[in-house]
Amino acid sequence: MTETIIQGLLLGGLYCLFSLGLSLMFGVMRLTNIAQGDLIVAGGFAAISVAPLVGGHFVMAGVVLLPVAFAVGYALQRTVLNRTLGKDPLPSLVVTFGLSIVIQNALLELYSADPRSLDAGELATGSLNLGGDIYVGTLPLLILVAALACTAGLQLLFSTTSLGRAFRAVSDDREAAELMGLNSAKVYSVATALAFVLIALAGLFQGLRTTVSPADGPLLLLFAFESVIIGGMGSFWGTFVGALVLGVSQQVGFKFDPGWGVWFGHLVFLAVLLVRPNGLFPKTKG
Amino acid sequence: MTAPFLQTVGLRAHYGDAQALFGIDFHIGEGETVAVIGANGAGKSTFLKSVTGLVRVAPETVLIDGRPSGGSVPGDIVRQGVALVPEGRRLFPSLSVEENLLMGGYARRPGPWSLQRLYGMFPILKEKRKVPATSLSGGQQQMVAIGRALMSNPRLLLCDEISLGLAPIVIKEIYDALPAIAAEGMSVVIVEQDVMVAQRVSQRLYCFQEGRVSLEGASDGFTREQISQAYFGI
């Protein structure tokens, strides 16, 4: 059982990276990014394409990919998504839904339907002894540490920096923030740029840990959604905990029957919704 | 009289199809305190929103230092030295008192106002600087709202109904602080429903009625009858 829980926590680390970008964009501008999962898959494929060009190592691929993701996120928000924001959430939902379909089909066209993965080198087989006869894979552990670092980093960014203050201010009252001289279009664009960095990182790790294929996106989006909602909208540590809860639930399900994992995750998600409709750590008002 | 710092010429404003202002001529000079009074729906708040860029208006209808500024984005207006204390305060609930004040300084205009100076003026804000701004009492929240606007070092401070919902003693306290705030030559526009308060604190006064100026002149130069006529119409 200990092993199942540890495996679940490690899986939760990956789910946390899936959902932080979603949590960030929703928190700052109340935009629900339906294309989140497909963007993660696109990030994985991009890493697979970039790696051979930079010597084959995934770290180098990440070094190249993350700044590009920042630029793409900024540009997408500035040129497209900012136009969809307003009191009505529907335009942004429709536009990101459309984006999701475009990405899935573009990936299918470019990479075919075959699952592909990114070579992790020695990391793929390395393991660490946690005492006794419990061993954990180096890569899954690295992913969990990265998730922890990203969550702590985002929380710190939000609570202590002037950029974080600007994020919270436009989230509270966009018009009042603009009265202070803030350009909300720019603030939103920086938020999406950061979300895209997290998305690219998630895609890279997904490609390393398992495989990516063009049709994976919607399932990844579902896991991201479940993590954010279990944890409570608008709280990064909530998202982190929500992702771990989901990871452990799925792993426990897998333990009973290999076909039950994802289903078990949904059950726990529904149970949390029933008992605590606002999630475990609700923060967002209104 | 010095040349007006801010002037509106035939200012018209619309909300969609509904016209709210029908040609407002207004001016305020350096160091002046001017009151705008009028009934609900007379266009007082719309006037302030038009001046600060929250409602789009034609460029040449708002002049700041003689330059056409109508229709600029709010950020450009605040950088030119016009700051608004919005109706209902509009503090940021997820920011602390100090963070709210720091947001006010976002435009980085140079000038005398700083956190230290505000804390000297409102010591209670220093004491409560770490707590969420919206957990304060109404009067203290209004101090934060005024302080936030002052942090942009404005040349003109626009106050939209700062007495709304406050106890009379708190209103008096806030209006008593105004002369000290304006002592360095800052201009102040007070939008107020309470005519007595408006007359007491201002040098000149405008009364709006249904989107037009119905009365204009020195604040102490009107009889009660003149004001109620301008306020309510016939």
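Colleague: Before we start, how are things numbered, and which pLDDT limits apply?

Modeller: Residues count from 1 along each chain as its sequence is written, while chains are lettered from A and ligands numbered from 1 in the order in which they are written. This is a predicted model, in which local features need pLDDT of at least 70 and side-chain atom pairs count only at pLDDT 80 or more, whereas totals for chains, interfaces and linings use all residues.

Colleague: Which residues touch the most other members of the largest nonpolar core?

Modeller: That core has 147 residues, and those touching the most other members are Leu17(A), Ala191(A), Leu198(A), Leu158(B) and Val189(B). A nonpolar core here is a set of buried Ala, Val, Leu, Ile, Met, Phe, Trp, Tyr and Cys residues joined through C-beta atoms within 7 Å. A residue is buried if 20 or more other C-beta atoms lie within 10 Å of its own, exposed if 12 or fewer, and partly exposed in between, with C-beta atoms placed from the backbone.

Colleague: And which helix gives the largest share of this core?

Modeller: Helix 8 of chain A, residues 184-209, with 16 residues; helices (H or I, at least four residues) and strands (E, at least two) are DSSP runs numbered from the N terminus.

Colleague: What is Leu17(A) in contact with?

Modeller: Leaving aside neighbours within four places in sequence, Leu17(A) is in contact with Ala146(A), Ala147(A), Cys150(A), Leu198(A), Leu201(A), Ala202(A) and Phe205(A), where contact means that the two C-beta atoms, placed from the backbone, lie within 7 Å.

Colleague: Changing topic, at what angle do helix 5 and helix 10 of chain A cross?

Modeller: The axes of helix 5 (residues 138-160) and helix 10 (residues 236-256) of chain A cross at roughly 160 degrees and come within 9 Å; axes are lines fitted to C-alpha atoms, for helices over the stretch in contact, and angles run from 0 to 180 degrees between N-to-C directions. Helix 5 of chain A is therefore roughly antiparallel to helix 10 of chain A, given that angles under 35 degrees count as roughly parallel, over 145 as roughly antiparallel, 65 to 115 as roughly perpendicular and the rest as oblique.

Colleague: Which residues meet there?

Modeller: From helix 5 of chain A come Ala147(A), Thr151(A), Leu154(A) and Gln155(A), which meet Phe236(A), Trp237(A) and Phe240(A) of helix 10 of chain A. By class, this contact of helix 5 with helix 10 of chain A has five nonpolar, two polar and no charged residues, counting Ala, Val, Leu, Ile, Met, Phe, Trp, Tyr, Cys and Pro as nonpolar, Asp, Glu, Lys and Arg as charged, and the others, Gly among them, as polar.

Colleague: How many residues does each chain bring to the contact between chains A and B?

Modeller: Chain B brings 19 residues and chain A brings 13 residues. On the side of chain B that touches chain A, helix 2 (74-79) and helix 3 (97-104) of chain B each supply at least two residues, and that side divides into twelve nonpolar, four polar and three charged residues.

Colleague: Is Ser45(B) buried or exposed?

Modeller: Ser45(B), found in helix 1 (residues 44-52) of chain B, is buried because 21 other C-beta atoms lie within 10 Å. Not counting residues up to four places away in sequence, Ser45(B) touches Glu87(B) and Asp160(B).

Colleague: Last one, what is phi of Arg90(B) near?

Modeller: Phi of Arg90(B) is near 50 degrees, a positive value in a residue other than glycine. Most residues other than glycine have a negative phi. Arg90(B) lies in the loop between strand 6 and helix 3 of chain B, and counts as partly exposed because there are 18 C-beta neighbours inside 10 Å.
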